[in-house]
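Hi everyone, thanks for making time this morning. I'd like to walk you through a model I've been looking at, and please stop me whenever you like.

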Amino acid sequence: MRAPNANEILLQVEGVALAFGGVRALRDVSFNVRKGEIRAIIGPNGAGKTSMLNVVNGFYHPNHGAITFKGRTRAKMQPFEAARGGIARTFQNVALFKGMSALDNIMTGRTLKVRRGLLWQALRYGPALAEEIEHRRKVEEIIDFLEIETIRKVPVGRLPYGLQKRVELGRALAMEPDLLLLDEPMAGMNVEEKEDMSRFIVDVNNHYGTTITLIEHDMAVVMDLSDRVAVLDHGVKIADGTPDEVKRSQAVIDAYLGVAH
Amino acid sequence: MAGGGSYDTFPKLLLRNTAQFGTRPALRHKDLGIWQSWTWAEVAEIIRSYAAGLHRLGLRPGETIAVVGSNRPKLYWTMMAAQTLRAIPVPVYSDAVADELAFVLAHAEATLVAAQDQEQVDKVLSVSDRLPQLNKIVYDEPRGLDGYDHSRLIAIGDIIEDGRTALAAEPTLGEQIDESIRAGNGSDIAVILYTSGTTGAPKGVMLSARNCIDAAIDTTRFDRLTDKDVVLAYLPLAWAGDHYVSYVQGLVAGYCMACPESSDTIEQDRHEIGPTFYLAPPRIFEAMLTRLMVRMEDAAPIKRRLFSYFLDVAQRYGEQVLTGRPVPLSGRLIYALGRWLVYEPLKNVLGLSQVRVAYTGGEAIGPDLFAFYRSIGLNLKQLYGQTEAFLYVTCQPDGEIYPDTVGPPAPNVDIRIAETGEVQFRSPGMFLGYFKDQGKTADAMTSDGYVRTGDAGFFDEKTRHLKIIDRAKDVGRLADGTMFAPKYLENKLKFYPNIKEAITFGDSREFVCAMLNIDPVAVANWAERNNVAYGSYQELAGHPLVYDMVAKDVAAVNRSLAGETVLAGAQIRRFLILHKELDADDGELTRTQKVRRRFIAERYASLVTALYNGAHDADISTEVTFEDGRKGTIAARVKIRDMQIVGPAKSLGRAA
Amino acid sequence: MASIARNVLMLAAALAAAALSAPAAAQNEQFIPILSYRTGPYAVNGAPYANGVVDYYNLINERDGGINGVKILTEECETGYATDKGVECYERLKSKGPTGAAFINPLSTGITFALTEKTATDKIPIITMGYGRADSKNGAVFAYNFPLLGTYWSAADLAIQQIAKELGGFDKLKGRKISLLYHDSPYGKEPIPMLQVLAQKYGFEFTPIPVTHPGVEQKSQWLAIRQNRPDYVLVWGWGVMNSTAIKEAAAVAYPRDKMIGVWWSGAEPDVTPAGDQATGYKALMLQHGAGKFPVHADIEKYIYAKGKGSTEPGKIDEVLYNRGMVNAMLGVEAIRKAQEKFGKKPLTGEQVRWGLENLILTDARIKELGFEGMLKPVSISCSDHEGARYGRVQQWNGKAWKVISDWSTADESLIEPLVADVSAKYAAEKKIKPRDCAKET
Amino acid sequence: MLYREAGQFKATYAEDMAIFPIRQDRIALAVLLGIAFIGVPLLASFRIWPFRTDYLLWAILLPFLILALAAVGTNILVGYCGQISLGSGAFMAIGAYSAYKLATGVHIPLAWLGFAIAIPPLPVLASILLGGLMAACAGILFGIPSLRIKGLYLAVATLAAQFFFDWAFLRLPWFTNYAPSGSVNAPELDFFGMIVRTPVERYLLCLLFVTVMAVLAKNLVRGNLGRQWMAIRDMDIAAELIGIRPLYAKLTAFAVSSFIIGVAGALWAFVYLGSWEPLAFSIDRSLELLFMVIIGGLGSIMGSFIGAAFILIMPIMLNVIPTELGLPLSTQTITHLQFIIFGSLICYLLIKEPHGFARLISIGKEKLRLWPFPY
Amino acid sequence: MIALGQFLEVLIGGLMSGVLYSLVALGFVLIFKASGVFNYAQGAMVLLAGLALVRALDLLVANGLPLWVAVVLAIGFAAVIMAATAWLIERFVIGPLVNQDGLTLFMSTIGVTFVIEGAAEMIFGSDVYPLRLFPTDAWFLFEGLFPGGILVNKLDVWGALIAGVLVAGLAVFFQRTKTGRALRAVADDHLAAHSVGIPISWIWFVVWLVAGLVALVAATVWGTKLGVQFSITFLALKALPVLIIGGLTSIPGAIVGGLIVGAGEKLAEVYLGPSIGGGIEYWFAYVLALAVLMLRPQGLFGERIIERV
């Protein structure tokens, strides 16, 4: 189930440009993500990687260019429309809800799937309770999957960095997304934590068949995990292809080793 | 109370339980955040389908099926289903290294292996070339096994499903299963338990169904266990203790067995499930006490003063209150207050507040440790047993509890002391012999059918209770003839929270020396509080302040030894602290953390010579295996410390 | 440790002693609660009034040894002119003392509205001298309400009579413009219905101008007044609103002598802050004004000489102090009257109600009490709980209040129909069967 | 020390998600409800010690219950959804006046359309609940600015609602059925034939309302909507990115909170005061509710109750104690002392535990569960 | 046709009273700008300052000191009182609550309000004390042009002058002086400021002292207008909309906000009020503030709030 079928394009980014006042974060970037694939976006700091994710996610609206997701092209997309469409996201520096426990954080991921209205939830009886239990059960599977049973009831503010990243991944998975955007999931982790996180990413791709778009600096991880890699530098796409092709391309080496532009 | 009689095999017992306690919970397992539970009726149906599935896989009566993994419902069901087909389940330690696993599987000629998860499956596959007769591997958790070739790898869940559909489809299969249950009789081999003997390769102890059930009936009646009781199954699957308490006694008494969520949530799960019957080796009680003391160190001063005050009260009145002996009214009141303020909350946090009967066995327990738990109201009793006796040889009845004895002979057990001081017994639960190893069986049995325990002991005149001194072969004599029981000394040393493990030398030597292992948790906590800087375990072990602290403990042991006429002479003259923790992976300990004395003596020979030639420090370099299997060497210079001898060193210990 | 234990024991003993001693002594005492406000925005007017009440009760105890020998026991509770605090104080004090509260004097129209229903059920009369529900004059419906000496409807009529007198006759009112600057609360809105009736009757143009609580900010109202140029401005304020009104009038140069305040907007704390700008400001008098009268001599002799006064000796001749004394006196006389019927012992609220309803003070009795010159005869009856509706007008000359008009009385013919109509509506709403006053003794 | 949790395992998700999963807590709750529903009425009807006079009922228990309900409503908006609101007083007023109008019959003369809407007087229960609904609509209306405005700026924006409705009920006589003095009387409290009049009946009525609505609020807060609110409170960008519509979340918070406050307002007017004027629902009421929520503990239903108790009872205590002890203090100094002590208590509590009583209690409970161990 | 004279008069009256509100609003802005605390106790501080001033003044005048000397001494005494209050607040309330969130700090200032109100009235008495520091009569300008002339109250003019001087002074203080810069640093991030070596507790003491002095100035003007009494604390409520329109963090914003609110309120009351029942001044300022916030969520001059993910 692992081999990404070549033809079906899940996400198509066409000529996207984004500028904040004078700063031109993205200049005419185009790339696609195939269904079931692990797609990496790499590049030196300030290359526009996170801005790219924010555009896909509807958080920033591009100045021009369009995004086609599952066949529908939308220039301006609200973040919660993206979420409803099936795009989930983790953040560079963890964006968890500090006032809630790990379990509640992941349960908020289920919010789109909840059918019962306000009155039913107030009664919390019969079908409303049944639905809540069903969501709880799905979340428990994710907790079991990410092996975070012991910290289920701990407020996230108290968790160490590595576990917070895992809870955030759990929240994204709880949305049962078609496309999962991971913004540097391994930043600030030690070797063992990185191994665990890579294992989870691979398992997510195999087990749930979720397409993953990954931003990461650790070259070993990127080359090992991803099927195809896109390289951004100063808002421009300078390379795109399989890990090996990208490794050899001179442009990438210059960008990383710092040849003067 | 379920009697034995015509139910002479486990599958028959299962049918009886379904009839008698159909709706009572048979098994609980903490999974996905809550305790999933199955009644006896549901378990019986699952076992029936599972047996049908296994039958279709080609499991034939008499064949052996190995079970590798921690306490999971599906693995226990594997054993029951195998016994339904009159096959023989062979549980193996889940933390066994690949070679050990390979030896046992080959020796037991297992045709099928039930593995818990990807880790165990990988281990089996890595040695599958040495196992010609192995044809299928079944597994419980599918996690990560998607990519494997599924020709020889089947999920247990699928087997049960396949069996269920097959049973529905062909009624004949159902009759075959029933027929095989009826055919089963007491003399079938119910299970083979591989002991991890301290010496030599593991031996497969064969236990017949009738022996197991008769022994279990005696012990359930002895402790009045009913179907209302609950047991937490947390000890290694392959250990006789867990198999007896969780599996066999569960079937006989009909009580519920609870499996924890994972190996590192045991304490939390015990707190949640609140077992009523509890068995644990002394090492677990010891660790619990150390952690308890360390946690109390950090409590607020008032709480600490309150805690120590009531512990003293417990020491004065605890024992009498527990055994119902007369206690002065003021004592009873203070103890009652203590119970509300300290003892009940203590047991509550440890998850022991509902325990009606608790046993400790497998190793000698320090008298102070034993007294501590009884004083806070835990009905802890000692038992002495071996895999060959399917656990119970002696067990203390509720009324008569002494810290230094292991109790009178268990019901229907006949014990005698050989002239060498070795304890020999005949019991309903005794084993049939070692699997495929007549030679060893002969060695272990006497001509008139008694089993040789290999432990030295004697019956105490007053209490008629058996007292174990030490391993028969380890009991030695000092050069000047005084008796030297290494185990006894080591237990006294280990009682102190800072000392985790101790090995004493003295057989045919002038004086006694000891090699100690400090307890990383307790000493690290001490270091932190006294802001003693240290980089690694090795540095901490060698630290002069640590030596001073341990020296104080050793001196205390010497003082207590001076008081005992028999062993006064065997006080510790010199000791050193080992630079690394003794570890089962390096073969220095058995799987149940017992010291492999001879192996250590050879490995640290240079240190032993240094102890006896008066040197003040010695160099040592040992080979170590890391967690992921890679090997490496550690070198260190270990210091030696001299102690003075205490009191009237007039040693009387001539003869036993 | 020992010392701390000793202190705790001593404190406990003191507490027990205090708790025990209080009720024992109160066996032969008539309990009268005092609801007052000495803090918050209305303290400036509340405090002098409360001092008058407290001093008069002390006088009765010191001079006469109580009412016919029954000493008065009082307890003060701070309401801060807030309705819910007022209700809480009422609930706390209503059943204290051997026979509970003799009567309640909340000194706030808001609290009066809240307590009207409660006092009826608890059978404790509520005296609202010069304020309260104007329609509660009709004793048939409001058995337990007593707006003695004047309601706001009487005050409105008296004010218009004064204007007419100044303009030279009622007919001169036609076409004139009279504005009412009122505190936007039940107290301030009470006179509006009466003024509308009068405006219709005499044909003058009446414009009400509301000022929101607490009345600190009135610039826009006075700018409107300056544009509107009304002939007269009636001031119905309380607390800081009065002094601010006078100051703002000075700021827009509106003639102070064209301003007439109700008897609650005519006391020293209202005019002193404006200093000499307040000269010429007129205000109605609830019969009495400032100044010393024979009773003051007793106050100085029996109270201040012994240092038991609740304020400085120089302040006992102020308007609100005197009004406090008058209110206390009416209460005491009502109890004395009730004692004639029910005996000289602590009386319940219901018995005091009878005393109030049959209270008659002749000129001679007033002289005897030392209040002559302050009050005219009062006679309360079942149908008329007001008892008298006289009033005079006084003017501030920069240093003191000068009486500038003689006695006049409110025109009942205009007030009666309004009282009947509004009290009937209340009776219907609350399902109260009006008493038949004629039949009762 | 009091907890014996060993053996209390959870076999179903419903058990695990219960409001009080631990048996000892359930026992404590049962005792509390027993005292509230049975104890107090019994003691009061037989005039036993604390209820010799009905002062305790009228002046403390009744206002406590109603203000606690209003505090729960405020806590939903301020504590759970993070939208600071100083308009709770106005929403109480809307609840009270619309209930009053509905109970006495509504007549809206739409002259320019040529006809008038006339609603006959409704039963008291219906008018209280519909009053709450009207407050909810007003809440939604004044919740719209919260989409753009955040934090303390929003607090002042809600002040606009407070002062506007204060003014409306004061100035527009239609609301008070043209009562001459602007003060209105509560209609007869006729619940399905039973007339509520005595303090005990009023107490039980309020207790019923408070219990039912507190449970509903607790369910909402534990459920999906509650999590959405908390998500918006903690990090609204992240909430939006996981599919929570900020408009829906914030406005439901305003609506639910205003409904509860509206019902509390209707009860305050009908059951406690009897007859009232807009000053009863002034800015001081809004501030008082905000104090209760902050002192009690933001984001905790139980905290709201404790906050209400503290803010209501402390000043009364500070008043009653000096007089009980017979200390020779004039009421003036007592009131000043009360201000000073009350203010310094608030500061001390906030320093001791910025998250209010609820956090203090949960820490205490945690210590008891782990007794004698520190962690 | 609305009389132009009346319109001008109402406008000027409104502007003037608006400026007087901004005097109080300045105190709020100061403390929020330097410590992120929304200080509800500013109204109570005005009362405290007023009471200290007027009682000291009355005492000194009673002992026969010439007026000008008494005024200076009284102002000195009041300033000392405000300094002591500032120290106490910083030491016992703001200090211990150093990194709590805005709402908890806001709540603690409400606690402080209660303490100040209780203490002030207990020490200095809860009566009305007239204060005569400024002439309170009015000029009548352009009597020729408009019937009855345009009334301008002298007190308001004095108030406007003082406000202007104050704003200029504070602006200079914040921009130029060392402590001013330190204040702005602490406002942005007190942790960073701490690490740079700025003595946080001293800075906060200075902030609360300056706010106290601003309160004293406001007390002199408002004391003369209303007489020093408890009701002055209600000014805080009147100052809130001024604060919001101007923006919580800008000093000049407070003045502009004051002008807008003052003029808006008075014009609405005089022209719009009578048609819909009068007394709309009460809520008009807040609705105005709401409208401004809808346009610019952080007030006209407040810093834009930027959120990054």
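In chain D, the centres of domain 1 and domain 2 are 24 Å apart, taken over C-alpha atoms. Keep in mind throughout that this is a predicted model. The domain assignment places residues 21-52 of chain D in domain 1 and residues 53-370 in domain 2. Where those two domains of chain D touch, domain 1 brings nine residues and domain 2 brings eight. And what sort of residues does domain 1 of chain D put on the side that touches domain 2? Seven are nonpolar, one is polar and one is charged.

In residues, that is 36 from chain D against 44 from chain E. On the chain D side, the elements that give two or more residues are α6 (151-171), α10 (283-296) and α12 (331-352). Which of them gives the largest share? That's α12(D), with 13 residues. As for composition, the side of chain D that touches chain E has 26 nonpolar residues, six polar ones and four charged ones.

Chain E also touches chain C, and here 30 residues from chain C meet 30 residues from chain E. If you'd like to find the chain C side on screen, look for α2 (43-64), β6 (205-211), α8 (219-228) and α9 (240-251) of chain C, which each give two or more residues to it. The largest share is from α8(C), with six residues. By type, the side of chain C that touches chain E splits into 15 nonpolar, nine polar and six charged residues.

Some pairs don't meet, of course. Chains A and C have no contact, and their closest C-alpha atoms are 33 Å apart. Chains B and E have none either, with 24 Å between their closest C-alpha atoms.

That brings me to chain B. Its domain assignment gives three pieces: domain 1 (10-276), domain 2 (280-353 + 355-471) and domain 3 (475-642). The centres of domain 1 and domain 2 of chain B, again over C-alpha atoms, are separated by 29 Å. Their contact involves 29 residues of domain 1 of chain B and 28 residues of domain 2 of chain B. On the domain 1 side, several elements of chain B supply at least two residues each, among them α4 (98-108), β8 (189-195), β9 (203-208) and α9 (240-253). But α8(B) gives the most there, with seven residues. That side of domain 1 of chain B comes out as 13 nonpolar, ten polar and six charged residues.

One last stop, also in chain B: a sheet. Five strands make an open sheet with parallel pairing, in the order β4-β3-β5-β6-β7. Which strands sit at the edges? They are β4 (88-92) and β7 (153-155) of chain B, each pairing on one side only. On average, and ignoring direction, neighbouring strands of this sheet are turned by 25 degrees against each other. Zooming in on one pairing, β6 (residues 136-139) and β7 of chain B run parallel over three bridges.

Key
Residues numbered from 1 in each chain as written. Chains lettered and ligands numbered in written order. Predicted model: local features only at pLDDT ≥ 70, side-chain atom pairs only at ≥ 80, totals over all residues. Domains from an automatic or database assignment. Contact = placed C-beta atoms within 7 Å. Helix = DSSP H or I, 4+ residues; strand = E, 2+ residues; numbered from the N terminus. Nonpolar A, V, L, I, M, F, W, Y, C, P; charged D, E, K, R; others polar. Pairing = 2+ DSSP bridges. Axes fitted to C-alpha atoms, helices over the stretch in contact; angles between N-to-C directions.
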